[in-house]
Amino acid sequence: MTSSASFDTLESLQADIAELIDRLPTLKNQQLIKQALATIVRLADSDIERLDWKILSASLADMERGFQLFYAYRHVRKVTIFGSARLAPETPEYHMAVQFARAVTQLGFMVMTGGGGGIMQAGHEGAGRENSFGLNIQLPFEQQANPFIEGDSKLINFKYFFTRKLFLLKESDAVALFPGGFGTQDEAFECMTLSQTGKFGPVPLVLIDRPGGDYWRSWSTYIDEQLVAKGLVSPDDPSLYTVTDNLDVACNAITRFYQVYHSSRYVGDQLVIRLTTDLSNAEVEKLNADFSDILVKGKIEKSQALSQEGQDETVGLPRLVLYFNQRDLGRLYQMIATINKMGIHRVEETGHPERK
């Protein structure tokens, strides 16, 4: 198929569409491609504004760049770092972010940030260009790409915040939040909201203070006193995140999360949890005894890959399947922590939790 530049002429566009239709029966994701094309056709025949088309076109261009970049790195786990763009290199928060990024890349992870200055720059400084992704956005202030990622092929300039944030979360296997302003607070609460509602993760969320700092500890106190105590969130929701000012604790919160737990997905109404090592029958019974409250029906059961997972690259991994109520996400995170403790003695020391 010819490049997107060919779409400048109607004839070349027609040729590209005709070629796609001819190839469609042989494409792996043909049904989803049909759905996307059908949506475009319906919109083209409806009454929407020119601005709507501009938003759609620019969003698709943003996503095209993101999908193409990250495909080559789909098997490497990545940590997204959020934090203030205004923190200078001499601040302890900046220094902590450099150390954290260096530590997680030494563990085999890659680092993603918004590509700007402050904590974002610290993340790339610590990770090094070869282990960094920059997801930049053009703003009238504060958002030029930092020198550690500027010019790299893994730097993307997004038009929209929502497409940028989509990739910062979609591609991340952990989120580390350092102190910041309104933007960082927005990112923190959005991560919590999406985790709490099951729209993101499960992934470890780590809120990192400078040594002796109380930015996130004060934030956590506010959550406990104003949200948990007043019944506005579940008492188990703080299990979604870890607050620390210790670098080792921050790194361990991420690596431990993937020690036995690998990933999860829904197949119909069942939650399928993939594991790096099998659990014993006694351990599964213990999970049923301790976490039956999160089940809609049935029990937590051991399983191999389900028939609907035939094309899944994790098909060889052992699984747990359950009818999760999709409400008590804090409890689900607690169960994942329990699973990681149960199977850890059977995980080889040479294992690579950073590999998907």
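Rings of Phe, Tyr and Trp (its six-membered ring) pair if their centres lie within 6.5 Å; planes under 30 degrees apart count as stacked, over 60 as edge-to-face and the rest as tilted. By this rule, there are 15 aromatic pairs here. Keep in mind that this is a predicted model, in which local features need pLDDT of at least 70 and side-chain atom pairs pLDDT 80 or more, while totals for chains, interfaces and linings use all residues. Residues are numbered from 1 along each chain as its sequence is written, and side-chain values use heavy atoms, leaving out hydrogens and water.

Let's start with phenylalanine 100 and phenylalanine 178: their ring centres are 5.9 Å apart and their planes at 65°, so the pair is edge-to-face. Phenylalanine 100 counts as buried at 0% relative accessibility, and phenylalanine 178 does too at 1% (buried means under 20% relative accessible area, exposed over 50%, partly exposed in between, with a 1.4 Å probe and protein chains only). Another edge-to-face pair joins phenylalanine 257 and tyrosine 261, with centres 5.4 Å apart and planes at 75°. Ring pairs also link Phe67, Phe70, Tyr73, Phe133, Phe158 and Phe167 into a cluster.

Charges meet rings as well. A charge sits over a ring if NZ of Lys or CZ of Arg is within 6 Å of the ring centre and within 35 degrees of the ring normal. The charged end of arginine 77 sits over the ring of tyrosine 258, 3.8 Å from its centre; for lysine 297 over tyrosine 323, the distance is 4.6 Å.
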